[in-house]
Amino acid sequence: MIKREEIYARACGSLVGGVDSPVRAWKSVGGTPIFIDSAAGAVLRDTEGAEYRDYVSSWGPMILGHASPDVVRAVSEAAARSSSYGAPCVGEVELAEMIKGRFPSIDLIRFVSSGTEATMTALRLARGCTGRDRIVKFAGNYHGHNDGLLVSAGSGALTHGVPTSPGITAASARDTIVARFNSMDSVRRIFEESGGEIAAVIVEPWAGNMGLVPPAPGFLEGLREITRERGALLIFDEVITGFRVPEGGVQNVVGVAPDITCLGKIIGGGLPVGALGGRAGLMERLSPIGPVYQAGTLSGNPLAMASGIATLKSLTESAYDRLERAASRLERGFKSAAGRAGLPIAISRLGSVLGMFFSESVPSDLESVQATRGDLYPGFFHGMLERGDYFAPSAFEAMFVSAAHTDEIIDATVANSEAVFAKLANSL
Ligand SMILES: *Cc1c(COP(=O)(O)O)cnc(C)c1O
């Protein structure tokens, strides 16, 4: 048993801000972060022995729940055969084939070690293929911490109110043009001004880093059309959405095929993996076939591949049914609990990922997200935490349900939300 104040103080003595990823420091909700000792299924256990129903799921990867026996077995067996070779292994081929089987837009894949690396490489590839420099991204979309993409970004960058980090050169910022999510008008204006210079449009097809914001009807189709017309590439960042739905990705749900798809999170099942994929003619521009350079000492790591393979294998139809059941139960439960409390909330949902907003309706872009009552979130977070439910320590993050979230788990969380919503409603 280690008190969290004690370990956090120690952490601050040797890790920047006591953490290795900013949102974990609880800056936007206040308080001392819990330190996790272990987790199983839908439950986290911290160093003080307290247990929490987990709605972060490591920000998405733990879709089967924690320490899923099949994943533990696969990773243990792989570890016994060594954790890295720096030479090809069969797991890379297997995982690539499994991904291709669910993403018809992908012929060839390159594995990397994070989502950040996937989007970074996708941009380099797009620039290398088109001979153009500029990129269009959307305000509130987060694609990892790459220089050129950390402009008007979501996730931690959003809650910390640092839309553009110091240390990013004027040149990188200049090559990034920020459009408004769900606004084809804003995209058209940008193409009218700078069409000939735009290498790619990168988008989260469901934006998962400013809460969860769905694409407006026709928006993704519009992006496909304008990029095709103007010789730019379309990149879907499906790092959150990939394998979150039984169809594979949002692209298969809406029937819009991007040129490049970025994946991460679920495909590593909790180990560090990212990937980019697309049609052969494009992906073959990457080294060693083409001139666009990219490499990685731990890329295609055998443990990570084993974890990813075991995770995707477990994502059967019945697993997706369980995920749907749990997530829709949470959605309905929260809506009726908030309704009884007289607290306006709106919930968006894509399979097992949910966005909850303190507003009458689900917002459509960064501005409308920021107009919601995000100030109520710390009260929600701490109220739920005290009752044993762990949500993201930041208002504009999604909620992730896993296949290990049983009806009992969801019902306990919903029951706890009654008092929390009532208290928030009173504070209005
Ligand atoms: C998490 C995330 C990334 C970055 O992935 P990391 O593995 O954290 O580098 C990129 N894009 C989206 C949409 C994400 O949610």
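1. H143 sits in a loop, the one that runs between β5 (134–138) and α5 (156–159). H143 has a relative accessibility of 2%, so it counts as buried, the cut-off being under 20%.

2. What does the side chain of H143 make a polar contact with? The partner is the side chain of D237, at 2.7 Å. Setting aside residues up to four places away in sequence, H143 touches G115, T116, T119, K137, L149, I202, V203, E204 and D237.

3. H143 is also one of the residues that surround the ligand. By residue class, the shell divides into six polar, three nonpolar and three charged.

4. Polar atoms of the protein approach the ligand at several points. In the side chain of D237, an N or O atom is 2.6 Å from a nitrogen atom of the ligand. D237 therefore has a place in two descriptions: a side-chain polar contact with H143, and, with H143 itself counted as buried at 2% relative accessibility, a 2.6 Å approach to the ligand.

5. Backbone atoms take part as well. A polar backbone atom of G115 is 2.9 Å from an oxygen atom of the ligand. For Y142, a backbone N or O atom lies 3.3 Å from a nitrogen atom of the ligand. On its own the ligand has 380 Å² of accessible area, of which the protein covers 82%.

6. A second residue to check is W26, in the loop between α1 (4–14) and β1 (36–40). Is W26 buried or exposed? Its relative accessible area is 1%, so W26 is buried.

7. Which residues are in contact with W26, leaving aside neighbours within four places in sequence? They are R4, G31, T32, P33, I34, F381, H382, L385, Y390 and P393. For P393, the C-alpha to C-alpha distance from W26 is 5.4 Å, although the two are 367 residues apart in sequence.

8. On confidence, the chain averages a pLDDT of 95, and 97% of the residues score at least 70. Residues 159–163 need a caveat, with pLDDT under 50 throughout. The model has 13 contacts for this stretch beyond four places in sequence. Where pLDDT is low, predicted coordinates should not be read in detail.

Key
Residues numbered from 1 in each chain as written. Predicted model: local features only at pLDDT ≥ 70, side-chain atom pairs only at ≥ 80, totals over all residues. Heavy atoms only, no water. pLDDT = per-residue confidence, 0-100. Contact = heavy atoms within 4.5 Å. Near = heavy atom within 4 Å. Polar contact = N/O pair within 3.5 Å; in protein donor to acceptor, adjacent residues only side chain to side chain. Areas by Shrake-Rupley, 256 points an atom, 1.4 Å probe, with all protein chains shown as cover. Nonpolar A, V, L, I, M, F, W, Y, C, P; charged D, E, K, R; others polar. Helix = DSSP H or I, 4+ residues; strand = E, 2+ residues; numbered from the N terminus. Buried < 20%, exposed > 50% of the residue type's maximum accessible area, 1.4 Å probe, protein only.
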